Amino acid sequence: MSLLDLCTWLENSPVAILMKESLWGFPIVVTMHVMGVALSVGTLTWFDLRLVGAGFTRTPITQVYRRVMPWAFLGFAVMAVSGGLLFVAYATNAYRNNFFWIKMSAMALAGVNAGAYHLITERTITSWDASPRPPIAARLAGMTSMVLWTIVILMGRTLSYTMF
Amino acid sequence: MADFFAWLQSTSIARAVAETQMLIAALSAIHLIGLALVVGSAFVSALALAGLAFPGWSSAEMAATGRAALVGLCISVGTGALMFASRAEAASQNGFFQLKMLLFVAAALCQLAIHRVVRRAPSSLALRPAGVLGLALWVGVALAGCAFILLE
């Protein structure tokens, strides 16, 4: 089964049909997805700003993480559910859309960036946790995150103009 | 007022936006960056004002959330104005759009009030509910915007 076959199968699933036929399904899910941008990327941005040394620099990084990131993860869960529903309903349109693939790639890279930060950079955090200007690797991680998520948002909105 | 909207819609910039799909797409996309900044900052500052994050925040640090929100506002207002101009007559008569503008004024005033109190009386008890109110108003603006786009 090719990826396109999988997309076609998804589009014919009961969930997809419900999304497309229900009067309120699409508007509610899209609204969830848009509002989720603020909760996910909007909060993550403040952790990224702390990493680049531009926001709440008097608070240790680990504390910013503990207070802000649970909300960001909740936001990303909302994005995953709403995004998943939107994808399932219009899977073949997404498959054929370049902006969709750029969006997915940017998200994957954001994941790699986060992984690199947590697995490698964060190991030495006890020595720079309270620093208002963290080491270059941490600042790069924050900057890269903000750039990548900006791309995700831009591609996400643009794809809806070119998908149908 | 109606004459003004008609005139606005007839300007060459407004017509260029109305006629170029990718321009509307780009403006709409950048508008969302502004949303993330404004609502995200409102959320984080509501957390801080409620004592749920950044304990011992200074007014200088809260000013940072204000600056981020201001940047987001400039982005959203700039892109929003161009998009509005392209269909000023229809948008100005749309109930959801009118609601969005009312909530926007309320949210902006609330934001200004919060930042004034943070500077002058940072231990004021009014800041906690004010932060929540400010967040609710910005969320309302965003929801009205979604309704305007999705239900027109």
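Student: Which side chains meet in a salt bridge here, and at what N to O distance?
Tutor: Some ground rules before that. This is a predicted model, where local features need pLDDT of at least 70 and side-chain atom pairs count only at pLDDT 80 or more, while totals for chains, interfaces and linings use all residues. Residues are numbered from 1 along each chain as its sequence is written, chains are lettered from A and ligands numbered from 1 in the order in which they are written, and side-chain values use heavy atoms, with hydrogens and water left out. Now, a salt bridge is a side-chain nitrogen of Lys or Arg within 4 Å of a carboxyl oxygen of Asp or Glu. Here A:Arg58 pairs with B:Glu61 at 3.8 Å, N to O. The count between chain A and chain B is 1 salt bridge.

Student: How many residue pairs are in polar contact across the interface?
Tutor: A polar contact is a pair of N or O atoms within 3.5 Å; within protein, one must be able to donate a hydrogen and the other to accept it, and residues adjacent in sequence count only if both atoms are side-chain atoms. Between chain A and chain B that rule gives 4 residue pairs, both partners at pLDDT 80 or more.

Student: Which elements of chain A give two or more residues to the side that touches chain B?
Tutor: Helices here are DSSP runs of H or I, at least four residues, and strands are runs of E, at least two, numbered from the N terminus. The elements in question are H3 (25-51), H4 (61-89) and H7 (136-162) of chain A. H3(A) gives the most, with 12 residues. By type, that side of chain A divides into 18 nonpolar, 9 polar and 3 charged residues. The classes go like this: Ala, Val, Leu, Ile, Met, Phe, Trp, Tyr, Cys and Pro are nonpolar, Asp, Glu, Lys and Arg are charged, and the others, Gly among them, are polar.

Student: How much area do the chains bury between them?
Tutor: Buried area is the accessible area (1.4 Å probe) that two parts lose on being put together, summed over both. For chain A and chain B it's about 2,900 Å², 80% of it on carbon and sulfur atoms. A:Trp46, A:Phe56 and A:Tyr161 supply 25% of what chain A buries against chain B, more than any other three residues. Counting contacts (heavy atoms within 4.5 Å), chain A puts in 30 residues and chain B 36 residues.

Student: What is the phi of A:Phe56, and where is that residue found?
Tutor: Most residues other than glycine have a negative phi. A:Phe56 has a positive one, near 50 degrees, and sits in the loop between H3 and H4 of chain A.

Student: Is A:Phe56 buried or exposed?
Tutor: Buried means under 20% relative accessible area, exposed over 50%, partly exposed in between (1.4 Å probe, protein chains only). A:Phe56 is at 2%, so it counts as buried. A:Thr59 has its place in that H3 to H4 loop of chain A and is buried too, at 4%. Leaving aside residues up to four places away in sequence, A:Thr59 touches A:Arg50, A:Val64, B:Phe54 and B:Glu61.

Student: How many helices and strands does chain B have?
Tutor: Chain B comes to 7 helices and 0 strands. Buried residues make up 49% of its 152 residues.
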